[in-house]
Amino acid sequence: MPDLRWERAAPEGVEGPGPWIEIAFGPDDLVYLRETSALETVVTTTQRKWDAFVLGVQAGEFDHFVEDTDQQSP
């Protein structure tokens, strides 16, 4: 695996071990994803597929995966 600069996807100002998702952009248009609780497990995709995923998230295509989180009782 190339030398990567990992960026943590955590809420701004939040510290601690997470677990958080980290992303790194590598050579040859590859995108790497891992979870801070399992750094040795890395998923690789292409920049094109990553861009399509991000656009889908922005368009709300995956909202059904988290619908119930707003309705949880206190």
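## Strands and helix

Two strands pair if DSSP finds at least two bridges between them. Helices (H or I, at least four residues) and strands (E, at least two) are DSSP runs, numbered from the N terminus. This is a predicted model, in which local features need pLDDT of at least 70, side-chain atom pairs count only at pLDDT 80 or more, and totals for chains, interfaces and linings use all residues. Residues are numbered from 1 along each chain as its sequence is written, and side-chain values use heavy atoms, with hydrogens and water left out.

The chain holds 1 helix and 4 strands. Their pattern along the sequence is β-β-β-β-α. Strand β3 (residues 30-35) and strand β4 (residues 38-46) run antiparallel, joined by 6 bridges. A hairpin of 2 residues connects β3 to β4. E35 has A38 in β4 as its bridge partner.

## Overall form

The radius of gyration, taken over C-alpha atoms, is 15 Å. Along its principal axes, the C-alpha trace spans about 45 × 30 × 20 Å.

Of the 74 residues, 18% count as buried. Buried means under 20% relative accessible area, exposed over 50%, and partly exposed in between (1.4 Å probe, protein chains only). A contact means heavy atoms within 4.5 Å. Among contacts in the chain with a separation of 6 or more, 15% come from residues 24 or more positions apart.

## Salt bridges

A salt bridge is a side-chain nitrogen of Lys or Arg within 4 Å of a carboxyl oxygen of Asp or Glu. The whole structure has 2 of them. In one, the side chains of E22 and R8 meet at 3.1 Å, N to O. This pair links distant parts of the chain: E22 is in strand β2 (residues 21-25), R8 is in strand β1 (residues 7-9), and they are 14 residues apart.

R34 also forms a salt bridge with E22, with the closest N and O atoms 2.6 Å apart. R34 lies in strand β3 and E22 in strand β2, so this pair ties together parts 12 residues apart in sequence. E22 is buried, at 6% relative accessibility. R34 is buried too, at 17%. R8 is partly exposed, at 41%.

## Aromatic rings

A pair of aromatic rings is described by the distance of the centres and the angle of the planes. Rings of Phe, Tyr and Trp (its six-membered ring) pair if their centres lie within 6.5 Å; planes under 30 degrees apart count as stacked, over 60 as edge-to-face and the rest as tilted. The structure has 3 aromatic pairs. W50 and F53 have ring centres 5.5 Å apart and planes at 40°, so their pair is tilted. They are 3 residues apart in helix α1, separated by about one helical turn. W50 is buried, at 19% relative accessible area, while F53 is partly exposed, at 37%.

F62 and F65 form a stacked pair, 6.3 Å centre to centre with 20° between the planes. F62 is partly exposed, at 30%, and F65 is exposed, at 62%. W50, F53, F62 and F65 form one aromatic cluster.

## After the helix

D68 sits in the segment after α1 (47-58). D68 is exposed, with a relative accessible area of 57%. From C-alpha to C-alpha, D68 and V57 are 17 Å apart in space, and they are 11 residues apart in sequence.

Terms used. The radius of gyration is taken over C-alpha atoms; the globule rule is 2.2 Å times the number of residues to the power 0.38.
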